[in-house]
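Visitor: I am new here and would like a tour. Could you show me the structure, please?

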Amino acid sequence: MSVPGHQVAVKNPDALGPLVALLDQLLELTHASGRLDLAGRLGIARARLADPRVRLVVVGESKSGMSTLVNSLVGAAVSATESQASVPVIAEYGPQASATLVKAGPGGTAQRTAVDPQRVLSELDGDVIRAEFTQPSALLAEGFVVLDAPGSPTETPATWSLIAAADAVLYVADARAPFTPAQIEQLQRIAQVCPTIVCVLNKIDQYSQWPQVQQHDRQLLDDVGLAFAVAPASARLHERATAAGDRQLDLESGVPQLLDHLRSYVLGRADAVAVEAAVRDIRLITDHLSLALRSEAETLRDPRRLTVITEQLRRTREEAEQLRQRSANWQVTLADGAGELMADTEHDLRHRLRSLIRDAEADIMKGDPAKRWADFGADLDAQICEAVEENFVIAHYRSVELAEQVAAKFPDSGIPTPDLKLDNPGDVGAVLEPVAALDKLDSAKHGVTQQVLTALRGSYGGLLMVGLITSLLHMSLVNWYSGGAAVLLGVNALWDDRKARRQRRQAEAKMAVARLMDDVIFQVSKESRYRLRAVQRSLRDHFTEIATATLRSVDASLRAAEEAATVHSGAGREARLTEIERSLVRLRDIREHADTIGENPAY
């Protein structure tokens, strides 16, 4: 692949500019309100929007080949491997290769030193904070910035700051064994910070059992509701293939397929994901800030209502605290609804496939299936794809309904529901890919020799029987009568044999259809549960975050109301009321503008 002459801006800075301006205004109001927790969230959202590139953070366990994979993706030795000293690495596009070492200076300052890219790894020491590279790499030119965070996130707490600023995370594990419980827990934590994650099963060339490990990993992720892809790859194999110019060996390494997935899954949706996340944050934070400001304004207007206001806020706080409990109504509704959704989706799938089985069996009984078996199989595959697609669409609509039911359990009727996006329901080919094709009909193999032998066996009985009878009339064993009987019984035997073979083929065809449907049900049911569990987890995390933020906002409102009650000066109250009114107007304008952007993706 040729490298473009300049780097592509994946995100459109001109289109995202108005949204960045809204975040800046909201960030100012958030700091003024003292809500540092909300300000931190806004800061991360702004950084993601302002950077036109996509930040891909590579993390994983030690000895998983993570650094080698980073070098393969970038196309240059930017990350330390084996026993070399290792520091965080940032690789971005540049027309010429360059390297900069960032070291800790006196007084907490950072000193930047340009070095030869070929000698970076030999100059690493304990003072180096990170290494920054520019490379004319094809992947980087497409808009990626690759950040290599050495060591496990558990061992390196600073890695979490990189993950928090990431647009996507590449989690690397070797193919020797499935994910451990600690790794699954780690992936769950990463998903709470950055939901766009791709798991890479590295070193598949060293472990022949990698397909079983990949299947086990998918099941482990499925069990905890994590809808992450598990991509097999071998960075070492990719390096050898690149050096030898072997295209086939490169495909066997899995790295080209991984790059294609990153382009389609990460780059293709970078703009939309950033906008949706920012608009959602703006809506939530404006609601929380408005709550505290309104409580303070009401207290300033009538300090005698402090008791009433604080009592209302304390009840709201109790409700918010209850919402965080597992016994909360929304938690029960979500758990029950998710169980019913999975059962109903499974029942709908089985009902659709049973109808296909009945129709297929009726079609088989109309004639000899062997004559049109190929066309029959193609039509059946098309009908199965259509049934599975409709089943996925129904599951999506039911998931949206479940989200609305859960949101209705919150006291505030304006609780936002997450934008649930199941995998493309129209793309069922990948889901059905593991399903074997419709079996061939073995009994359909009936050559001319077998037909001749069947006719001879039938004609022999007629010739012998009639010939013996006519021999009593002093006629020869072979005569016109015995010959006619031989022909008649031979044709009848051939007819009966063909009929019996057709019936056997029909029975065999029914069995083939039944086996195919069993495979489809097994595969699609697993995929359906995988998707629906991801939906359940997404809803749980979304509404838990809302409950937690609501609790913090109520606490802030209580403090604001109590402080407002201590303001006795009339001029001071009026000035503060005027300031609050301005802030509320600004919050309303920011919210309305963000809603407009969210409803019009084309801006």
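Visitor: Which helix does Asp336 lie in?

Guide: First, a word on what you see: this is a predicted model, where local features need pLDDT of at least 70, side-chain atom pairs count only at pLDDT 80 or more, and totals for chains, interfaces and linings use all residues. Residues are numbered from 1 along each chain as its sequence is written, and side-chain values use heavy atoms, with hydrogens and water left out. Helices (DSSP runs of H or I, at least four residues) and strands (E, at least two) are numbered from the N terminus. Asp336 falls within residues 329–364, which form helix 13.

Visitor: Is Asp336 buried, exposed or partly exposed?

Guide: Buried means under 20% relative accessible area, exposed over 50%, and partly exposed in between (1.4 Å probe, protein chains only). Asp336 has 44% relative accessibility, so the residue counts as partly exposed.

Visitor: How is Val279 classed, buried or exposed?

Guide: Val279 is part of helix 11, residues 270–301. Because its relative accessibility is 4%, Val279 counts as buried.

Visitor: Which residues does Val279 touch, not counting residues up to four places away in sequence?

Guide: Contact here means heavy atoms within 4.5 Å. With those sequence neighbours set aside, the residues that Val279 touches are Leu19, Ala594 and Gly598.

Visitor: Which residues have the most contacts inside the largest nonpolar core?

Guide: A nonpolar core is a set of buried Ala, Val, Leu, Ile, Met, Phe, Trp, Tyr and Cys residues joined through side-chain atoms within 4.5 Å. In soluble globular proteins, nonpolar side chains tend to be buried together. The largest core here has 42 residues, and the ones with the most contacts inside it are Leu170 and Leu258.

Visitor: Where do the buried residues of helix 10 fall, seen down its axis?

Guide: The buried residues of helix 10 are Val255, Pro256, Leu258, Leu259, Leu262 and Val266. Seen down the axis of helix 10, they fall within an arc of 160 degrees (taken from the directions from the axis to the C-beta atoms). They therefore line one face of the helix.

Visitor: How far apart are the end C-alpha atoms of helix 10?

Guide: The expected span of a helix is 1.5 Å times one less than its number of residues. Helix 10 has 12 residues (255–266), so it should span 16 Å. The distance between its end C-alpha atoms agrees, at 16 Å.
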